[in-house]
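Please consider the following notes alongside the model. They take up the fold of one chain, the contact between the chains, and a few local features.

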Amino acid sequence: MKLFRRAHRRAPSYGPDSTDPVLLTAIAAGEAEALEILHRRHAPWLRARLNYRCSDHDQVDAALQETFLAVWKNAGSFTPRPGDTDAGAWLWTIAIRQLISQLRRRANRWISDIEAEPYETIGDASAEDTVLLNIEHGPLGAALHTLSPELRAAIQATVLDGLTVREAAQILQIPEGTVKTRVMRAKARLREALTS
Amino acid sequence: MSGWHLTPAQAHDYAARRSDEITAMSVEAHLMHCAPCRSLLPADESWLADGWASLRDVVDRPRRGPVETVLASVGLRAETAKLLAATPRLYQAWLGSTVVVLAAALFAAYLLPRGSLMFFFLAPVVPLVGVALAYGRGGDPAHTLASVTPMAGQRLLFLRTCAVLVPALLLCTGAALLLPHTTTAWDAVFWLLPSLTLVAGSLLLGNWIHLSAASGIVGVLWLAVLGLVSLSGQTVPVGVFAPQAQACWGVALAVLAGMLLLRVRMA
């Protein structure tokens, strides 16, 4: 019996300065202190960013709690890209999904919650990413300024937050078709502004 | 990636929700990849501490083992499942010795003439020894503590007995299937009714004397009777397991179980 009990993975040694992948390996092995370090490191910026998506602080806090609980349960499923020492993108994916299901649960409590899709890291260094990193200084900033707030919100949800059309529709509380047309219109408008 | 980084003022504005939308988008795209800039955001210490405190409440709960999860999914209550899953710790040594004894019995059955008699003798006693160890002062170091909880008494006794009987019966059935000349399912379970009868007998006797003593008495009686039968020249103690005898065992088991129920009701 003793043999079986000790069989689970040994935690690597970690400290407050360890990289995210090391901490997540430790969390997967059941180390609560590693989760505390990760919480201290990532909760503030996740909270700030979620606050831009939802003005209800209680819901944001609840979503963050759920996020770190999901990390506690699923830390083993984190697979860093080679050379990547940062789990920010992965954590954000979980956090925004938790916020969406939080809002949905609040909106219709009597409908049982649909299980979210497995977490995948979003925000590969795509062309969109590279452009986004220079929003303020590039021509994109000026182009975005010309968009109406509705179109900008649609672009933000689908491109910057990496949500699917369905998830974007849930967080913006508009029909999916509307999201699609708004994204299409916004992209056309941006293309126009950037090529002219 | 780029030479651009947040200024502390920008970080504070962003955290306080004062950034305009375009700046916010820009900051967010940058924060996703830049750990140093993330740490520029002001951290609310008391909020962090509160958040961690409520997280730790959940995280520190012991994780459920596989046995417990299976038992709970079958529909048992969480406390009962935990109790049943924890009980085997009490009789680890018994579990080990059961395997050894059954292996020895199998060994004898294959090597000695009429060696399978040893299995006939032992199979009903093995669960009995487990039951003796699962409850009471002798086997449970925490018995004094457990005996003053609402769980204690008959309920705990029966739960623990179940936790012992299931592995014991599985092990014995496994061993019986490995015996030479096992041809039918009947050959694998002939010892089951005598075994259960002995357990019920010792539980009933446990009402008046210590459970370990009761099991000891019943076990010794069983071995003595079998020994006498084989010594008296009646070379077929196997008759104890014959189909007619099984009917008697069944009746005895029913009577003993009924008496047990009656005792529990009256208590």
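1. Chain A of this predicted model contains 10 helices and zero strands. Its elements, read from the N terminus, follow the order α-α-α-α-α-α-α-α-α-α. Helices (H or I, at least four residues) and strands (E, at least two) are taken as DSSP runs, numbered from the N terminus.

2. On the basis of the model: it is predicted, local features need pLDDT of at least 70, side-chain atom pairs count only at pLDDT 80 or more, and totals for chains, interfaces and linings use all residues. Residues are numbered from 1 along each chain as its sequence is written, while chains are lettered from A and ligands numbered from 1 in the order in which they are written.

3. Of the 196 residues in chain A, 36% are buried. Here a residue is buried if 20 or more other C-beta atoms lie within 10 Å of its own, exposed if 12 or fewer, and partly exposed in between, with C-beta atoms placed from the backbone. Among the contacts in chain A with a separation of 6 or more, 59% join residues 24 or more positions apart; a contact requires C-beta atoms, placed from the backbone, within 7 Å.

4. The two chains meet through 35 residues of chain A and 32 residues of chain B. On the chain A side, two or more residues come from each of helix H3 (32-53), helix H4 (57-74), helix H5 (88-107), helix H7 (139-145) and helix H8 (149-160). H3(A) gives the most, with 12 residues. By type, this side of chain A comprises 19 nonpolar, 10 polar and six charged residues; Ala, Val, Leu, Ile, Met, Phe, Trp, Tyr, Cys and Pro count as nonpolar, Asp, Glu, Lys and Arg as charged, and the others, Gly among them, as polar.

5. Most residues other than glycine have a negative phi. Gln173(A), not a glycine, has a positive phi of about 60°. Gln173(A) lies in the loop between helix H9 (165-172) and helix H10 (176-195) of chain A, and is exposed, with 8 other C-beta atoms within 10 Å.

6. Arg17(B) likewise has a positive phi, near 60°. Its place is the loop between helix H1 (8-15) and helix H2 (21-31) of chain B. Arg17(B) counts as exposed, with 11 C-beta neighbours inside 10 Å.
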